[in-house]
Amino acid sequence: MSGYVGKTLAGGEEIIHRANFNWTYSFFPMLWFSLGMATLAFFFFIQFAADVPFDKLRIGWWCAIIAAICGGLILINHMIVLITTEIVVTTYRFVYKTGLVARHTQEVSLNKIEEITLEQSIWGRIFGYGKLVLRGTGVGVITLPDLDNPINLRRLIENAKSALREDQRERRRINEDDDDR
């Protein structure tokens, strides 16, 4: 499946890494969905297993249905965010893309990234997630959500920056050799 980044790769540019959300990022949407469905199941059980008439449970049924719909909408919205978000490191740039219909991208050339800050709580250390904040020249700040193994992503970005600098040095040497002739 080729997403936004795959369609916008420049010549010679390759995807190095695609970052993933940590499971904890989906915890609360799943919790709200589960609570809504549990409420619905509870009223289903009360009415049919305990033989309580519908007239006595009418308000409860409406509350359970509303809770289930709200939980479902929260989960669907969250799934759309998960599916449509791309966090990618390529050989030349870092790309953070969100949106289904309206697209919002934040891209920065690797050599323009000045600072990468890791925000990781105690729970983040335990469960292996954290937020990265990238500061770059001309881009401002890119704040990423809870990602799996943010230290590895930070290392990959730094390695890609280093490889890009080495490639630029090699190109300069080749150009200087051509000028000597």
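Let me start with glutamate 13 and arginine 93, whose side chains meet in a salt bridge, 2.8 Å from N to O, and please keep in mind that we are looking at a predicted model. Glutamate 13 sits in the loop between α1 and β1, while arginine 93 belongs to strand β3, so this pair ties together parts that are 80 residues apart in sequence. Glutamate 13 counts as buried because its relative accessibility is 7%, which is under the 20% limit for that word, and arginine 93 is buried too, at 11%.

Arginine 93 also forms a salt bridge with glutamate 107, with the closest N and O atoms 2.6 Å apart. Since glutamate 107 lies in strand β4, this pair connects parts that are 14 residues apart in sequence, and salt bridges that share partners join Glu13, Arg93 and Glu107 into one network. Glutamate 107, with a relative accessible area of 30%, is partly exposed.

Among the six salt bridges counted in the model, another one brings together the side chains of arginine 18 and glutamate 86, at 3.0 Å from N to O. Here the link runs between strand β1 and strand β2, across 68 residues; arginine 18 is partly exposed at 36%, whereas glutamate 86 is buried at 9%.

Which helix gives the most to the nonpolar patch? That is α2, with five residues, although α4 also supplies at least two. Leucine 35, found in α2, is partly exposed at 42% relative accessibility.

Note on methods: Residues numbered from 1 in each chain as written. Predicted model: local features only at pLDDT ≥ 70, side-chain atom pairs only at ≥ 80, totals over all residues. Heavy atoms only, no water. Helix = DSSP H or I, 4+ residues; strand = E, 2+ residues; numbered from the N terminus. Buried < 20%, exposed > 50% of the residue type's maximum accessible area, 1.4 Å probe, protein only. Salt bridge = Lys/Arg side-chain N within 4 Å of Asp/Glu carboxyl O.
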